[in-house]
Amino acid sequence: MSAKSPVIVDLRFHPEQVREGLKNAFPGREVINRADPSSRDRDLSGVDYAVLWKPLDDLFLRAKDLKVLFSGGAGVDHVLQLPGLPDLPLVRFVDHTLTTRMSEWIVMQCLLHLRQHVTYERQRAKKVWAPLTQPEASELTVGIMGMGVLGTDAARKLKIMGFNVVGWSKSKKDIQGVETFAGSELDAFLGKTDILVGLLPLTDETRGIFNAGLFSKLRRGGALGAPVFINAGRGGSQVEADLLKALQTGVLKGASLDVFETEPLPSNSPFWTMDNVEMTPHSAADSDIRALFAHVERQIERFEAGQSLENLVSRDAGY
């Protein structure tokens, strides 16, 4: 029996978690963790697999024999834009832990806006005691743009909380209890939406899609008075100049943002001090390192057994 191919791990996040996660990962295989200085100059020839997230610039120059690439997260736009990316199968990370974390974050943000938490925090800072009218979830419609695995799970959990939910995606989806729209039906979808949730992958078609024109088409006069924007997809999908203006002029009542055009968010960004914005540092659905490595192990086992890889990325579609 031939020796098992090593696995390159080239992840630029959570170095301590990566080291801990690797202690019991990939049994019987050598692991080359490129975050470890002792592995930087390691010979990478003859290695079949690489797990990557913003890898070192020389990965593809030195690892000429790769057969499969594994994204360290659900999104793959950062991989598709890498210089020298070889024409190899690319597998994105799909796991219930990542899906659950994203849905938790989205439900939390919808509830914060429903219960007017942002306004109460503003009142607390001024020591103002002033109860506000509280609408029920059933009085609001949450519109989700991006009805893949993450969007579908979020929709189901929002329904449990009592929200009306509609969804839009590039192609039509059939989801029980959720009215869905596709393609050219975007305006009809926006006209029903009080809270807009962005879960779109970043492609040429979705770059800058959340702009002034789109915000102006959201439903007005709903239970919150004005629409709310929540984005946990990709920062490149939002035009931040338009978003800032919409928040400043009342086109949007508020926003919850986990992603930004530039990350980390620059210290001079107005978002830092806006009292109608909730922010998190691209952490809505951080990859669970152990789950990531277990996912890669399963896919390698399938590949070496001659079975098809799961969750393969379409280069043409961009996801």
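## Thr152 and its contacts

Contact here means heavy atoms within 4.5 Å of each other, and by that criterion Thr152 touches Met147 and Ile175, not counting residues up to four places away in sequence. The structure is a predicted model, in which local features need pLDDT of at least 70, side-chain atom pairs count only at pLDDT 80 or more, and totals for chains, interfaces and linings use all residues. Residues are numbered from 1 along each chain as its sequence is written, and side-chain values use heavy atoms, with hydrogens and water left out.

Thr152 is found in helix 6 (residues 149-160), where helices are DSSP runs of H or I with at least four residues, numbered from the N terminus.

## The largest nonpolar core

A nonpolar core is a set of buried Ala, Val, Leu, Ile, Met, Phe, Trp, Tyr and Cys residues joined through side-chain atoms within 4.5 Å. The largest one has 51 residues, of which Ile144 and Phe293 touch the most other members, and helix 4 (residues 96-114) gives the most to this core, with 7 residues.

## Helix 10

Phe293 is also one of the buried residues of helix 10, which include Leu292, Val296 and Ile300. Helix 10 (residues 289-304) has 16 residues and reaches 23 Å from its first C-alpha to its last, close to the 22 Å expected, a span found as 1.5 Å times one less than the number of residues.

Key: Buried < 20%, exposed > 50% of the residue type's maximum accessible area, 1.4 Å probe, protein only. Helix = DSSP H or I, 4+ residues; strand = E, 2+ residues; numbered from the N terminus.
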